[in-house]
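User: Can you walk me through the contacts in this one? I'd like the cut-offs as we go.

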Amino acid sequence: MVQPGAGVVVDLPDPAATVGLGMGLAEILPAGAILLLQGDLGSGKTTLVQGLAQGLGISEPVTSPTFALIQEYPEGRIPLYHLDLYRLTPEEVQQLHLETYWQEVAPGIVAIEWPERLPIRPVNYLHLSWQSMTSGRRVTLTAQGTTPQSWLENFSQSQGFGELV
Ligand SMILES: Nc1ncnc2c1ncn2[C@@H]1O[C@H](COP(=O)(O)OP(=O)(O)OP(=O)(O)O)[C@@H](O)[C@H]1O
Ligand SMILES: [Mg+2]
């Protein structure tokens, strides 16, 4: 049982482990899930989205959407939407009215790199925070809202890894 507000910590020794984390999340996340991926440049956020895509059965290669802003991958079990807000300011993000986007597209998993640029965060989301280790990365997953809390519990049980902090 993951206590509300507690995080699940996952150590990722190499890029394959990051892909594996994405695949594990793809197994348990429902359509409508929003993931905020917070980490420095080059921490492995896009690599995790590649794992999500693989887990959802998407064969199209996932590349960094820095210049495209939003990439849509509709062919998997549920659609995947990949956003990279790196080049935008919060004011510019506000003008995009992303919330209307969520309401109009078929519900899927929404993965957002550089969520620091969001002027307002969604009500419910899973937050992944990256830390660089001597070699590899450490990711801490926390839930915002009761529904994401249940995803986190499902994830923790399905993987049998992660420790509470
Ligand atoms: N667990 C890991 N250990 C070591 N290297 C990793 C790990 N996960 C990913 N990487 C590597 O880190 C590099 C950067 O990965 P990636 O492009 O996914 O980062 P990013 O967070 O999306 O960067 P940006 O902020 O520029 O978008 C890649 O070479 C990737 O293979
Ligand atoms: Mg990236």
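This is a predicted model: local features need pLDDT of at least 70, side-chain atom pairs count only at pLDDT 80 or more; totals for chains, interfaces and linings use all residues.

User: OK, how many salt bridges does the structure hold?

Analyst: One. Its partners are the side chains of Arg138 and Asp11, 2.8 Å apart from N to O. Arg138 sits in strand S7 (residues 137-144) and Asp11 in strand S1 (residues 8-12), so the bridge links parts 127 residues apart in sequence. Strands here are DSSP runs of E with at least two residues, and helices are runs of H or I with at least four, numbered from the N terminus.

User: Is Arg138 buried, exposed or partly exposed?

Analyst: Arg138 counts as partly exposed because its relative accessibility is 27%. Asp11, at 44%, is partly exposed too. Buried would be under 20% relative accessible area and exposed over 50%, with partly exposed in between (1.4 Å probe, protein chains only).

User: Switching to the metal. What coordinates the magnesium ion?

Analyst: Thr46 (OG1) and Glu113 (OE) coordinate the magnesium ion, ligand 2, at 2.1 to 2.3 Å. Thr46 is in helix H2 (residues 45-56) and Glu113 in strand S5 (residues 109-113), so this pair ties together parts 67 residues apart in sequence. Both of them are buried. Donors are N, O and S atoms within 2.8 Å of the metal (3.2 Å for Na, K and Ca), and water is not among the atoms, so sites may look incomplete.

User: And which residues are closest to ligand 1?

Analyst: Thr18, Gly42, Lys45, Thr46 and Thr47, out of 17 that surround ligand 1, each having a heavy atom within 4 Å. H2 gives the most to that shell, with three residues.

User: Which polar side-chain contact does Lys45 make there?

Analyst: A polar side-chain atom of Lys45 is 2.7 Å from an oxygen atom of ligand 1. For Gly42, a backbone N or O atom lies 2.9 Å from a ligand 1 oxygen.

Terms used:
Residues are numbered from 1 along each chain as its sequence is written. Chains are lettered from A and ligands numbered from 1 in the order in which they are written. Side-chain values use heavy atoms; hydrogens and water are left out. A polar contact is a pair of N or O atoms within 3.5 Å; within protein, one must be able to donate a hydrogen and the other to accept it, and residues adjacent in sequence count only if both atoms are side-chain atoms. A salt bridge is a side-chain nitrogen of Lys or Arg within 4 Å of a carboxyl oxygen of Asp or Glu.
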